[in-house]
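Let's work through some labels for this structure.

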Amino acid sequence: MPRIPASPPRISIQQARNLHLHAQGLLTAPAAMPEPADLLACIERMGVLQIDTIHVVARSPYLVLFSRLGNYPAHWLEHALEQGRIFECWSHEACFAPASTYALHQAHRAHGGREKHWASKHALRAHSAQRAGMDAVLEHIRQHGPSRSSDFESARREPGGWWAWKDEKRWLEALFARGELMVARRERFQRVYDLSERVLERMQIETGEQMPPQADVARQLVLDAVRALGIAQARWINDYFRTTPRLKDADLAPLLASGTLLPVNVSGWQQPAYVHRDHAGALQACVKDTLQATHTALLSPFDPLVWDRERGQAMFDFDYTLECYVPEAKRRYGYFVLPVLHCGRIVARLDAKAHRESGEFEIKQIHLQPGVEPATELAGGLAAAIRRCADWHATPKVRVRRSRPVGFAALLRKALIQG
């Protein structure tokens, strides 16, 4: 057991980044060919894996895993879900989570921890106004087995955009948010719903156990968030699992007194930081400056590393807004921009598209962060990361169109040829 320091150590911002990357599995490149067990370990390490359906490159959960595992078969994720090793829930947003945390997430929902979330509000409205339709959907699944939204035909849809869902789709989502249905598996990334008791039976999860008290659930979610982050300021903690309220330093005093959390001072931060006791050894390595970042990777916009804008600004001096929700004329960097991690820093934003039919990985533009020099070493590391990602997408032909600064595109093209 590493020795716990008597007084808070002081580390640099780069050392804090390295500790954060260590906890998230992004400090160094994957050492070997991954195995299915590595995928589960990766999700357990993060705690949750956010789901998003945009696929101009790989859909977000697959890309988050690739950044940490390297060249793995994407279908492993679906297999883990169907085999009951992971499950879907509302947490940070819609997420995959390890089966071992089901009881914790279920207790948090049952204690009202999701009442303010939009999905829960929608479920409550649907339950109040359209329970007959929801009951009919439940009965269909009870009689006919796991079902997709497309298994139901409806003559009525709500008008307008992404929310133009037919009634049955709304009811399925509401039943899922309420816990009456779970996702048994996915087919072409479409959810296949089943009765929760059936899914839990396949997961071999006992449902008759006494629910832990609300205070114990809240405490565990705080600890799990700090462990997943590696190092955190108090006000960042609640965002990880979208718990309430936002914490203050005083709220963590009991966890400090018990030694479960360790205080740390980070140069340049006005607020104290906290490290889970499980990372005491990594913290000592930080203090000795032996925890070094060497990984270069393209990150999903929904990667835990960057999904909290305030944390990204403080940790990496990286102000990130996902612009696919912004009108095209108002976008600065592109539709689906991938942050670029290089040796412990976020150095660039890359707007890419995988053209699967033609086998081309198109880099529409890449913007280096302010203060990042367009050096040959950076171009080489980035070219290798792009090549790995393009090959994994089965789009081996890489085309670089534009860059800022302008000359970096030529450096990157040269490095891609040499690599």
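Q: What makes the place of Pro-405 a loop between β14 and α16?
A: Pro-405 lies between β14 (397–404) and α16 (408–418). Helices (H or I, at least four residues) and strands (E, at least two) are DSSP runs, numbered from the N terminus. The peptide bond from Arg-404 to Pro-405 is cis, with omega near 5°. This is a predicted model, where local features need pLDDT of at least 70, side-chain atom pairs count only at pLDDT 80 or more, and totals for chains, interfaces and linings use all residues. Residues are numbered from 1 along each chain as its sequence is written, and side-chain values use heavy atoms, with hydrogens and water left out.

Q: Where is Pro-245 found?
A: Pro-245 sits in the loop between α11 (237–241) and α12 (253–257). The peptide bond from Thr-244 to Pro-245 is also cis, with omega near -5°.

Q: Why is Arg-188 called exposed?
A: Buried means under 20% relative accessible area, exposed over 50%, partly exposed in between (1.4 Å probe, protein chains only). Arg-188 has 85% relative accessibility, so Arg-188 counts as exposed. Its loop runs between β6 (181–187) and β7 (190–195). Phi of Arg-188 is near 50°, a positive value in a residue other than glycine.

Q: What makes Asp-289 partly exposed?
A: The relative accessible area of Asp-289 is 44%, so the label is partly exposed. Asp-289 belongs to the loop between α13 (280–287) and β10 (296–298). Phi is near 60° for Asp-289, a positive value in a residue other than glycine.

Q: Why is the aromatic pair of Tyr-72 and Trp-76 called tilted?
A: Rings of Phe, Tyr and Trp (its six-membered ring) pair if their centres lie within 6.5 Å; planes under 30 degrees apart count as stacked, over 60 as edge-to-face and the rest as tilted. For Tyr-72 and Trp-76 the centres are 6.3 Å apart, with 40° between the planes. Tyr-72 is buried, at 2% relative accessible area. Trp-76 is buried too, at 13%.

Q: What makes the pair of Phe-318 and Tyr-320 stacked?
A: The angle between the planes is 20°, and the centres are 5.4 Å apart. Both residues, Phe-318 and Tyr-320, are buried.

Q: How do you know that the charged end of Arg-349 sits over the ring of Tyr-333?
A: The rule asks for NZ of Lys or CZ of Arg within 6 Å of the ring centre and within 35 degrees of the ring normal. Arg-349 is 4.4 Å from the ring centre of Tyr-333. Arg-186 lies over the face of Phe-189, at 4.3 Å from the ring centre.
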